[in-house]
Amino acid sequence: MPIFRRFRRLARVGPVQVATGHDQRGREKHTAACTAPRCGFSAEYDTRSAAELAATTHRCSAH
């Protein structure tokens, strides 16, 4: 069964979106996900700065 998350503090760095939300255990997590078609990059981090760093250094293979 899918989990529906509520994200806040959305930011966009190129094709990558960075957002903050809570995981299943209620801990704050930060997600970076590429919105380009056929890319598939997404990752979850403990700190916002790590998610933003991943967003800035991501090289999209779909382009």
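Mentor: Let us start with R38, which is exposed at a relative accessible area of 75%. Please keep in mind that this is a predicted model.

Trainee: Where is R38 placed?
Mentor: R38 sits in the loop between strand 3 (28–34) and strand 4 (42–45).

Trainee: And what is its phi, given that R38 is not a glycine?
Mentor: R38 has a positive phi, about 65°. R9, also not a glycine, has a positive phi of about 55°.

Trainee: Where is R9 found?
Mentor: R9 belongs to strand 1, which covers residues 8–13.

Trainee: Is R9 buried or exposed?
Mentor: R9 counts as exposed, because its relative accessibility is 52% and the cut-off for exposed is over 50%.

Trainee: Changing topic: what is the overall pattern of the chain?
Mentor: Along the sequence the pattern reads β-β-β-β-α, with 4 strands and 1 helix in total. Of the 63 residues, 32% count as buried.

Trainee: How many salt bridges does the structure hold?
Mentor: The structure holds 4 salt bridges. One of them joins the side chains of R8 and E28, at 2.6 Å from N to O. This pair links distant parts of the chain, with R8 in strand 1 and E28 in strand 3, 20 residues apart.

Trainee: Which residue does R27 meet in a salt bridge?
Mentor: The partner of R27 is D23, at 2.9 Å from N to O. R27 is partly exposed, with a relative accessible area of 44%, whereas D23 is buried at 9%.

Trainee: What about the salt bridge of E52?
Mentor: E52 pairs with R48, and their closest N and O atoms are 3.0 Å apart. Both residues lie in helix 1, 4 residues apart, about one turn of the helix.

Trainee: Why does R48 count as buried?
Mentor: R48 counts as buried because its relative accessibility is 12%, and buried means under 20%. E52, at 33%, is partly exposed.

Trainee: Last topic: where is confidence highest, and where lowest?
Mentor: Confidence is highest in helix 1 (residues 48–57), at a mean of 95, and lowest in strand 1, at 87. For the protein chain, the mean pLDDT is 87, and 89% of residues reach 70 or more. Where pLDDT is low, the predicted coordinates should not be read in detail.

Definitions and conventions:
Residues numbered from 1 in each chain as written. Predicted model: local features only at pLDDT ≥ 70, side-chain atom pairs only at ≥ 80, totals over all residues. Heavy atoms only, no water. Helix = DSSP H or I, 4+ residues; strand = E, 2+ residues; numbered from the N terminus. Buried < 20%, exposed > 50% of the residue type's maximum accessible area, 1.4 Å probe, protein only. pLDDT = per-residue confidence, 0-100.
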